[in-house]
Each structure stands twice: as C-alpha cells, then as structure tokens.
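Please have a look at the model first.

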Amino acid sequence: MIRLQEHSATPIYEQIVEQLKALVVKGAMKAGDKVPSVRELSSMLLINPNTVSKAYQELERQGVIKTIRGKGTFVSSNEAPRMAAERTEALQRELRRLVVEAKSLGLTRKQFEEMIRSESQSLWGDERAAD
C-alpha cells in the first residue's frame with residue numbers, strides 16, 4: 001500500500017499524503033473506503049503516530065479524506081476536493097521547479113516531455129482518443 005523512502009528529502013508525512021492521494025486517483029481506494037486508523041497505519045509503517053496524524057490532517061484539509069467521530073476515517077466522496085485553486089497554484093509552482101531542474105540536468109524538452117507522458121500514462125492511460 002504505502003512504501004516510505006527513509007532517505008528521501010521529502011518528509012514522511014508528505015510521502016503518506018502523496019501516496020494516499022495516488023491510491024485514490026488510481027482507483028485503488030474509492031469514495032467511502034475506510035482508511036487505516038492513525039494507530040494502525042503507524043504500526044504498519046513503523047513510524048510515530050503523530051506523523052500519520054499530521055498526514056491525515058493535511059489530507060482532510062484538502063478534502064481527500066473525512067473523519068467521522070466514532071466510526072473512522074474514510075475516502076471523501078467529494079467530486080472536487082476543497083482548495084482546488086490553491087492546490088492548482090502549488091502544482092504550477094512545482095511544475096516550474098521541475099522544469100528548471102530538468103533543464104539544469106541537461107535534459108532536452110523532448111526528454112522532459114517524455115518523462116511527463118510516461119508518468120501520466122500510468123494514471124490516465126491513453127486518452128488521446130478522448131482529446
């Protein structure tokens with residue numbers, strides 16, 4: 001389910017956020033599915049429960065998950081998660097950072113676009129027919 005990279009520059013809570021969002025996007029977790037409790041996930045990943053709690057707070061803030069007191073935490077049924085404009089701006093900044101990084105590594109535009117195409121393919125499949 002979730003695989004942490006201990007030596008990554010990305011904080012563990014952010015890795016959890018990214019990977020849970022990826023599971024939802026890929027359809028591995030659907031609206032209404034129960035998410036492991038903070039205690040369960042921290043035990044599975046062998047990390048501090050506060051780290052999982054911080055990740056869940058961020059996921060809830062973004063509208064990806066919803067906690068129902070006494071019942072647990074579930075994947076949100078929101079069609080469009082909250083804070084879309086803020087998250088789109090953050091995505092644009094991150095994309096800009098990646099473009100600069102790719103150019104500084106000496107990648108050509110074509111190589112960079114192929115990397116994006118390859119990663120996109122894993123989530124969206126081939127949607128050229130739909131475009």
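The crossing of H2 and H3 is right-handed (the near helix is turned clockwise from the far one by less than a right angle). This is a predicted model, in which local features need pLDDT of at least 70 and side-chain atom pairs count only at pLDDT 80 or more, while totals for chains, interfaces and linings use all residues. Residues are numbered from 1 along each chain as its sequence is written, and side-chain values use heavy atoms, with hydrogens and water left out.

Helix H2 spans residues 38-45, and its axis comes within 8 Å of that of H3, with a crossing of roughly 120°. On the H2 side, Val38, Leu41 and Ser42 meet Pro49, Val52, Ser53 and Tyr56 of H3, contact being heavy atoms within 4.5 Å. By class, that contact has 5 nonpolar, 2 polar and no charged residues.

H3 (residues 49-61) has a crossing with H1 (residues 12-26) too, at roughly 50° and with the axes within 8 Å. The crossing of H1 and H3 is right-handed. Among the residues making this contact are Ile16, Val17 and Leu20 of H1 and Val52, Ala55 and Leu59 of H3. The contact of H1 with H3 divides into 9 nonpolar, 1 polar and 3 charged residues.

Now to the rings. A charge sits over a ring if NZ of Lys or CZ of Arg is within 6 Å of the ring centre and within 35 degrees of the ring normal.

| Charge | Ring | Distance from ring centre |
|---|---|---|
| Lysine 34 | Phenylalanine 74 | 5.7 Å |
| Lysine 54 | Tyrosine 13 | 4.3 Å |

Lysine 54 and tyrosine 13 also belong to the contact of H1 with H3.

Key:
Axes are lines fitted to C-alpha atoms, for helices over the stretch in contact, and angles run from 0 to 180 degrees between N-to-C directions. Helices (H or I, at least four residues) and strands (E, at least two) are DSSP runs, numbered from the N terminus. Ala, Val, Leu, Ile, Met, Phe, Trp, Tyr, Cys and Pro count as nonpolar, Asp, Glu, Lys and Arg as charged, and the others, Gly among them, as polar.
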